[in-house]
Amino acid sequence: MSRIQRWGIKIYGLQTEAASEPVNIRVRNPRVTAAEAPVVNVPESRGWMMSGERTSYGWIVTDNGLIGGKTVGIEGIRASAVMISWYDTTAGTFVSRIELPVQNGAVTLKVPELKRNDVAFTMKLN
């Protein structure tokens, strides 16, 4: 705590009167009581997938910056390799294609560098 120069607390009121005045709240001698500081995990992206026999379609979106460089894991694949074709949903064009090996039924996709917050893809089993 001694190294923290600024910090804040947000207080939300469920009901306020229209004529309410601002209130100053002061906190003295704050202390961290946990042995370790809490960790908040922010997911880097989320996605959806429509699975087909040989071809599946997916979409990945992020609220945390741009989608380029983010990763997503897909499990339960019954093939030795997959062909991934990335689709820019704004431009309406395919931007890249890559073949990836499947290891233990799973593959990790890394989104190509795009200045967008979402991307679609097709996954074809090889």
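Helices (H or I, at least four residues) and strands (E, at least two) are DSSP runs, numbered from the N terminus. The structure is a predicted model: local features need pLDDT of at least 70, side-chain atom pairs count only at pLDDT 80 or more, and totals for chains, interfaces and linings use all residues. Residues are numbered from 1 along each chain as its sequence is written, and side-chain values use heavy atoms, with hydrogens and water left out.

Lys70 lies in the loop between β2 and β3 (71-75). This lysine is buried, with a relative accessible area of 13%. Buried means under 20% relative accessible area, exposed means over 50%, and partly exposed lies in between (1.4 Å probe, protein chains only). The Lys70 side chain reaches the backbone oxygen of Asn64 at 2.8 Å. Contact is defined as heavy atoms within 4.5 Å. With neighbours within four places in sequence set aside, Lys70 is in contact with Glu44, Ser45, Thr62, Asn64, Leu109, Lys110 and Val111.

The sheet comes next. Strands of a sheet pair through backbone hydrogen bonds, either parallel or antiparallel. Here, two strands count as paired if DSSP finds at least two bridges between them. Five strands form an open sheet, in the order β1-β2-β7-β4-β5, and the pairing is antiparallel. The edge strands are β1 (46-50) and β5, and each pairs on one side only. On average, neighbouring strands of this sheet are turned by 20 degrees against each other, direction ignored. For such angles, axes are lines fitted to C-alpha atoms, for helices over the stretch in contact, and values run from 0 to 180 degrees between N-to-C directions.

The pairs can be followed across the sheet. Five bridges link β1 and β2 in the antiparallel sense. These two strands form a hairpin, with four residues between them. Met50 has Tyr57 in β2 as its bridge partner. Tyr57 in turn is the bridge partner of Thr122 in β7. Strand β2 (residues 55-61) and strand β7 (residues 118-125) are antiparallel and share seven bridges. Next, β7 is joined to β4 by six bridges, and the two run antiparallel.

Val82 stands opposite Leu100 in β5, and Asp88 stands opposite Thr93 in β5. A hairpin is formed by β4 and β5, with four residues between them; in its turn, Gly92 has a positive phi of about 75 degrees. Strand β4 is mostly covered, with seven of its eight residues buried.

A nonpolar core is a set of buried Ala, Val, Leu, Ile, Met, Phe, Trp, Tyr and Cys residues joined through side-chain atoms within 4.5 Å. The largest such core has 18 residues. Those with the most contacts inside it are Ile77, Val82, Ile84, Trp86, Leu109 and Phe121. The elements giving two or more residues to this core are β4, β6 (106-110) and β7. The largest share, four residues, comes from β7. Not counting residues up to four places away in sequence, Phe121 touches Met49, Ser56, Tyr57, Gly58, Trp59, Ile60, Ile74, Ile84, Ser85, Trp86, Tyr87 and Leu109.

Note on methods
A polar contact is a pair of N or O atoms within 3.5 Å; within protein, one must be able to donate a hydrogen and the other to accept it, and residues adjacent in sequence count only if both atoms are side-chain atoms.
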